[in-house]
Every structure is written in C-alpha cells, then in structure tokens.
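These notebook entries record what I looked up in one structure, in the order in which I looked.

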Amino acid sequence: MFSLENITRKNIQEMTAYSSARDEFGGTADVWLDANENPNNTALNRYPDPLQNSLKKEIAKLKKVNVDQIFIGNGSDEAIDLLFRAFCEPGYSAAILFSPTYGMYEVSAAINNVGVIEIPLSTGFEIPSLTELRYDLSTPGLLFICSPNNPTGNSTAQNRIIEIAQNYAGIVVVDEAYIDFSENESALSLINEVPNLVVLQTFSKAYGLAGARLGMAFANADIISILNKIKPPYNVNTLSAEAAVQVLKEPKKINDQIAEIVSERNMLTESLRKLKNVSAVFPSDANFLLVQFTEAKTVFNALIDAGIVVRDRSGQIENCLRITVGTKAENRNLLSVLKAIEK
Ligand SMILES: *Cc1c(COP(=O)(O)O)cnc(C)c1O
C-alpha cells in the first residue's frame, strides 16, 4: 500500500541537491581554500559539517540506530516542514491530526498549502482504533501521532501506531518530544520494520537545549536521504552541534534531572488534585500537567499577578491550563499561590 516513490514529490525526486564545498571534499587537509571562508582561525571561521557526523555518531550509540537513519534539523519544526515539502503535494495531499495536539503540524500544513483533516481524540484523549476511525487512509500525506501528546500528556500504544501505519498510504510521524519523561517504549525500535514511520525527538525538552534548536528525525535510510537532499546545506550551526555533543557526554546529569522532574510531576499531580478549584489533573507521561479548574481564567490571571506564567489551553479543552514542571522551588511557589486562591 505504501510506496516511498509514489509519495515523494516529483520535483524533489528529479532535482539535484546543492553540493557544498564541504560535501565535495570530506577528507582532511592542512590548507582549505575551497569555501571562501576567512582563513584566520577563530572557533567559528569554518562552515559546519553539513551532515553533523560527530553528533550523529553519539546519537547512534545512544539510540541504537545507524547514522544514516538520523536526520538533524534546526529544531523538530524544521523536520516537520521538510516532511511536508518532500511528501505532500500542495493542494492535493492531506495531513491527518488528532486534536487537540501540537499546533505546529497545522501551521506547517498551512504554509505548505496542504489541507488538514482533524480527527478528535476519543475519551481519555485516545487515538481512535482503525474501526472507529472511519476515514479513508488511502489518500497520501502525513499523519501525526504526538506521543506523549502535547497538551494532553498521554501516550499512544505501540500496537495502535503499527496498525495505523500498516493501513496508511502516507507517512506516519510519531512526535516523541517528551519520550524521555515517559516509561513507555519509544517507537524508534520500529523504524526497521515499518517503512512509512518517522520518529521525531528533540534536544529542546529533557536535554535542556531549547535555545540551541536541535531536532532529530529517525527513519529508514531512504526517507532520511530525502530529508538530507532538501535541507538547507548548513542547517545546524557549529555551536549547537557541539553543545549537544557535550550534553551527551554527561548522561547521568540529564538522567538525574529527568528523574527529579518526573518525581516533581508526580508530587504536583497529588497536590493539585487536593485543591478545591481543581476538577481534574490528567495523567501525564511528559514534563507538564494538563489541569482542569472550575474557572481557568481566574486562576490564570491570579498566577500572572504572582509572576507565574502557565499556558492557557481553555480554547482547546474547557477550563484547562497546561503547567510545565519547574524546579522544586518553583513548584512549591506555584502550589502556595494556588492554595491561597483555592476557594
Ligand atoms: C516542544 C515540542 C517540540 C520541540 O520542537 P523543537 O522545534 O525541537 O524545539 C516538538 N513537538 C512537540 C509536540 C513539542 O511539544
């Protein structure tokens, strides 16, 4: 049912990729007169490696994938945009979303003139099963599964992802921006078996590098080579790639931070559930909580007055605020402000 050749845009298949100086000569040398750089040595006078090989080697070890199964973008947002450009025909393909979910999928679809089919999540914010879906999956395009989902915090079971991918003519994109905070298995282990699966992860959340703009896409080597073909030649800068290599050298530090955030998330869940004006704290596999209040607007404004900013998601889910888990001190501050306005 799925054929990569059928869904890759003709112009992308037929074009020749830009070949940079660094692409054309990848060896070592003493004198570099090929890229019109300033020859005076500073840490940044040379163009970066177009394919970020040192960083990819570290990621490959950590994630147990091959280097040619990794794409690195200027944030996951770049990967999302490139997926649209490669695999969606403007004015013809469709993007399937399960709402409420991350806003960038719809924005990226709009930028690329790709229509959106929004399917509501069912009770418990679950993605409907194939029999409940009643949607024709034979129209090619992109289907997004955000797991754990932003803003609801819950995950999608792996068998549902496989079931959908096997019946879909386009590419299933599983966005795992929050996977490091979850106990569920990543869909990464499926990329060798499922030809139309792309898994997105990011350095922006658990790895603490939101300012560096580094997103990862994992898929079979054929999909990854198409993304590499159409990306801007030097999409990831030297400073960011080096910052990520440094972070990956200290796995214990990040793992300890993740453990603390998860334990704080569980503490916050318990404490928030005891407040009189809280109607629900939804179970979360991420580093945030979706909290339903009796009157979200009042709570939102009271928090702003106390200098605390949370995300108002009432437009998507009635009376809901999305609250990121902060430091221990920040979380206690949040709780004390909420306690003061409880009734
Ligand atoms: C935060 C987030 C991202 C990360 O995007 P970057 O561009 O890598 O910073 C991706 N997907 C979801 C669902 C997110 O919430």
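**Entry 1. Kind of model.** I noted at the outset that this is a predicted model.

**Entry 2. Salt bridges.** I looked up how many salt bridges the structure holds, and the count is nine. I then took several of them in turn.

I began with R22 and D34, whose side chains meet in a salt bridge with an N to O distance of 3.2 Å. This pair links distant parts of the chain: R22 belongs to helix α3 (residues 21-24), while D34 is in the loop between α3 and α4 (53-63), 12 residues apart. I checked the cover of each partner. R22 counts as buried because its relative accessibility is 15%, under the 20% limit. D34, at 33%, counts as partly exposed. I also found that R22 and D34 are joined with E37 and R46 in a network of salt bridges.

Next I turned to D81 and R85, which form a salt bridge with their closest N and O atoms 2.9 Å apart. Both are in helix α5 (residues 76-87), and they are separated by about one helical turn because they are four residues apart. D81 is buried at 15% relative accessibility, whereas R85 is partly exposed at 38%.

I then examined K252 and D256, a salt bridge in which the closest N and O atoms are 2.6 Å apart. The two residues lie four residues apart in helix α11 (residues 251-273), about one turn of the helix. K252 counts as exposed at 59% relative accessibility, and D256 counts as partly exposed at 40%.

Entry 3. Which residues gather in a patch of positive charge on the surface? I recorded K274, K276, K339 and K343. Of these I looked up K343, which is found in the segment after α13 (328-340). K343 is exposed, with a relative accessible area of 86%.

E342 is also placed in the segment after α13. I noted that E342 is buried yet has no salt bridge. Its nearest side chain of opposite charge is K276, 4.0 Å away. A polar atom of the E342 side chain lies 3.1 Å from the backbone nitrogen of K276.

I found a cis peptide bond from S99 to P100, with omega near 0 degrees. P100 is in the loop between β2 (94-99) and α6 (104-111). Another cis peptide bond runs from N150 to P151, with omega near 15 degrees. P151 lies in the loop between β4 (141-146) and α8 (158-166).

Where is N36 found? I located N36 in the loop between α3 and α4. Its phi is positive, near 55 degrees, and N36 is exposed at 77% relative accessibility. K64 has a positive phi near 55 degrees as well. K64 is found in the loop between α4 and β1 (70-73), and its relative accessible area of 73% makes it exposed.

**Entry 4. A strand residue.** Is V198 buried or exposed? I found V198 in strand β6 (residues 197-202), and with a relative accessible area of 1% it is buried. The C-alpha atoms of V198 and L142 are separated by 10.0 Å, the two residues being 56 residues apart along the chain.

Note on methods
Residues numbered from 1 in each chain as written. Predicted model: local features only at pLDDT ≥ 70, side-chain atom pairs only at ≥ 80, totals over all residues. Heavy atoms only, no water. Patch = residues over 30% accessible without salt bridge, like charges linked within 9 Å, V, L, I, M, F, W, Y side chains within 5 Å. Areas by Shrake-Rupley, 256 points an atom, 1.4 Å probe, with all protein chains shown as cover. Lys, Arg positive; Asp, Glu negative; His and termini not counted. Charge placed at Lys NZ, Arg CZ, Asp CG, Glu CD. Buried < 20%, exposed > 50% of the residue type's maximum accessible area, 1.4 Å probe, protein only. Polar contact = N/O pair within 3.5 Å; in protein donor to acceptor, adjacent residues only side chain to side chain.
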